[in-house]
Amino acid sequence: MSHSANGMVNYLNHDKGIKSWLFTLDHKRIGIMYLVAVSLAFLAGGILALLVRIELLAPGETIMSADAYNQSFTLHAVLMIFAFIIPAIPAVMGNFALPIQLGAKDVAFPRLNLASFYIYLIGAAIAMSALIVGRIDGGWTFYTPYSTSIGDGILFVTAGVFVMGFSSILTGLNFIVTVHKMRAPGLTWNRLPLFIWSIYATSIVQVLATPVIGITVLLLFLEKAFQIGIFDPALGGDPVLFQHFFWFYSHPAVYIMILPAFGVVSDLMGTFSRHQVSGYKFVALSSVAIAFLGFLVWGHHMFVSGQSAVSSVVFSLITYLIGIPTGVKVINWVQTMYKGSVQFKSPMLYAIMFLFTFSIGGFTGIMLGVLAIDIHLHDTYFVVAHFHYVMMGGNVIAALGGLHYWWPKMTGKLYNETQAKIAAFLVFFGFNLTFFPQFIMGAQGMPRRYYDYLPQYEGYHQLSTYGSWVLGVGLFLIAYYLLVSVFKGKKAGLNPWGALTLEWTHTTTPPDHHNFLETPVVTRGAYDFHLARHLFEHGGEVTELEGMGDGASTLPETPATEDATV
Amino acid sequence: MGDNGSVWLPDAMSTLAGEVDALFWFVFWASTIIFAMVIVAKVYFMVKFRRTDETYVPEPVEESKVLEAVWIVLPTILTLIVFTWGFEVFVKLNTAPPDSYEISVRAQQWSWEFQYQEGAVSYTEMYVPVGRPVKLVMNSSDVLHSFFVPDFRIKHDVIPNRYTSVWFEATQAGEYDIYCTEYCGTQHSGMMAKVVAVPQDEFNKWIAEQSQDLPPAELGLQVYAQCQACHSVDGSAGIGPTLAGLYGTTRPLADGSTVVADEDYLLESIVNPMAKIAEGYQPVMPAMFSSTLSPKQLDGLVAYIKTLE
């Protein structure tokens, strides 16, 4: 069919002009707009991180004052967590790939989808306006009464977080409905790509957890405006109550950040091993289970806060309930390669990197979950290293893998694979050099959020700062070759990775404005490579589509049984 | 790193630090071993099953239920061990012995204030006796703070509307850093102090020296607590003579001579009790007070005795 040729009309060129982007209802274009927005947030947050690391190169003042430092690391955290990590995978890759993987023309509510993008921008603007209203320092946790004692900035930040969160609620609702109602014929739950499962679980958490931060904003506002004692001890409130509210949202938010990464890694491991993802059902359902259990462990952030010892014990125990299935997932991903056919393209390098860094994040999480050890490690650099291994070593590494994976489909262009491999190595080396020394200095007692420090920690801080430069070079290299590829890159084929999900097998590159001309029919699971042998007869890169979605599958009429996907 | 620290952990200088460390090392090695196994398997699979034939499509692998059960049961057992162990040590860390020496800790932006039962107050250094449990009862004057001594493996938030507490027993004399570990503003990283652990008698001396704000006689009254077992202040006889109405009188001594009980006599009898033995009493008074009491305390004690009628 002539449709399969490149250079035809697609979602990027079917309509031109800035308005056709700003008012688009196309999930793919909204995904691209999110990509631009979150990349800018990541750039700003990353530059702040580099500045923070330079300041810590030596004890005492290096390049900035204590106040500037305290605000820098706070802004770094707010930008990275709320404006980058939370929306990164769901809003960029979820928006781009989820409807196509489902065989749908778009999400269930395209207008709501566009609205959620603008709500995200407004939320980010409200949060940033806190800097104008007053200072905001002390990290992303904003514990009262300190945060309320320095002005009204906290009202703006939490309100901004809530508005950005509302954007995630709308995206989440959209995805939940889309997954339930718009799957292509034959696409049963057991055939869904694990990326869909994880975004689905994430969406549930987004819808349920985000309102809590809204309640918190309201209570803060009532306290400020009417002097009702809620969190402020001077008015008879309880500052520890704020911590409960904060973590009741923010701990589930940790799963909003990590579950999508599980999905991306599952897709990458399956595709590049050309093999079924080991323990498919376990990986799929444990994501949903983690989404619910994630609501019951917020107190493990508060072992030394003054909450009752009994609560701490219960929270510690439930934390392990989550730790175990997560560990089993890592084993499943490793097992996926067993007797597979493993190819090391740059997206796969990130998946392999993820198994290393995320495992370290997970094991140190077990360490922190142990009550007696947490007392020593709480609020030290050990915790800083732990959550960077989970958030960056987990989410960001997976997001980079996903970006490299979907980039050819998004843009129709191939990036330079050699440069991509060099960058992947720099990111891996730089990341570990930055954050591993932080485990050691934290265990040695170096507290977090310290502008100045005692001389015994200087060596670790220097290593960490040098690592941040290597990491920075790697990330800028990625930005460089991706941008170059848009203008000078080779044209990408239809299915360069030999993947089996619908965006690769049933759409052109880049996809058509309407994704499919007609609804595709699904006859096998997302990773049933053994049922698609005919696609690989000519080599690794699949150069023809299975169908343009005209309903006529090229597959033999023996549909895969449910068992084949288990 | 000092004498018993390691690459990972600072010196263990409290009675419970060793127990926390044992647990740390258990989790550390269990994690390292399992992590190494996962990474070895990963690298082996990467090499062994790398794609050599672009057209090869592998068959799905029959999954082993036994292996799957092992993946779930083994980590569950391990984590339950770690949880139970961590719980036990946690309870110990939270239960101060009843005979603990109590110090009140007040935190404020950005300093620590330590108040001792004897009335002494210190700021940059918290003196504690070695080998005796010390319980800190803590409160904040403004925002949240957190009291952290890495060498003792203790930490607890200090909050404005409630008392919180931690306890420890220092095992060796020395100086140990105190950090604030809950962000509290501009000078958060400057909110440091030191625990100065000293032997009990040195501690007693220090605490007396610090009680300088008290009038001498009141200080003496505090010190007298160490004397009351033998010397009454109401005229009744004890192991030693009563102190009531002693000052200024002429005292008969065991060797038949007499002495006027002036300041010099009182001081001499305290620091060198064998020099002049009062008539009718045995020479049993310990001669240790010259080393355990400071000059200020001795002056105070003398001043106190002078007030007794």
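Me: Are α10(A) and α1(B) roughly parallel or roughly antiparallel to each other?
Reply: In this predicted model, the axes of α10(A) and helix α1 of chain B, residues 17-48, cross at roughly 20° and come within 9 Å. Angles under 35 degrees count as roughly parallel. The two helices are therefore roughly parallel.

Me: Is the crossing of α10(A) and α1(B) left-handed or right-handed?
Reply: The angle at this crossing is roughly 20°. The sense of the crossing of α10(A) and α1(B) is left-handed.

Me: Which helix gives the most to the side of chain A that touches chain B?
Reply: The contact takes 74 residues from chain A and 69 residues from chain B. Helices that each supply at least two residues of the chain A side include α3 (66-102), α8 (239-273), α10 (309-336) and α14 (417-443). With 12 residues, the helix that gives the most is α10(A).

Me: How many residues of the side of chain A that touches chain B are charged?
Reply: Chain A brings 74 residues to the contact. They divide into 40 nonpolar and 25 polar residues, and the charged ones number nine.

Me: What ipTM does the predictor give the complex?
Reply: For chain B, the mean pLDDT is 88, and 97% of the residues reach 70 or more. For the complex, the predictor gives a pTM of 0.85 and an ipTM of 0.89.

Me: What is the bridge partner of F148(B) in β7(B)?
Reply: Strand β6 of chain B, residues 145-149, pairs with β7(B) in the antiparallel sense over five bridges. In β7(B), the partner of F148(B) is K155(B).

Me: What is the bridge partner of F114(B) in β3(B)?
Reply: A further open sheet of chain B has five strands in the order β3-β2-β1-β5-β8, with mixed pairing. The edge strands are β3 (121-122) and β8 (164-168) of chain B. β2(B) and β3(B) pair in the antiparallel sense over two bridges. The partner of F114(B) in β3(B) is S122(B).

Me: Which residue does a cis peptide bond join to T144(A)?
Reply: The loop between α4 (110-133) and α5 of chain A holds P145(A). F142(A) is found in the loop between α4 and α5 of chain A, with a positive phi near 50°. The cis bond, with omega about 0°, joins T144(A) to P145(A).

Me: What is omega of the cis peptide bond between Q109(B) and W110(B)?
Reply: W110(B) lies in the loop between β1 (101-108) and β2 (111-116) of chain B. The bond that joins Q109(B) and W110(B) is cis, and its omega is about -10°.

Methods. Residues numbered from 1 in each chain as written. Chains lettered and ligands numbered in written order. Predicted model: local features only at pLDDT ≥ 70, side-chain atom pairs only at ≥ 80, totals over all residues. Contact = placed C-beta atoms within 7 Å. Helix = DSSP H or I, 4+ residues; strand = E, 2+ residues; numbered from the N terminus. Nonpolar A, V, L, I, M, F, W, Y, C, P; charged D, E, K, R; others polar. pLDDT = per-residue confidence, 0-100. Axes fitted to C-alpha atoms, helices over the stretch in contact; angles between N-to-C directions. Parallel < 35°, antiparallel > 145°, perpendicular 65-115°, else oblique. Left-handed = near helix turned anticlockwise from the far one by under 90°. Pairing = 2+ DSSP bridges.
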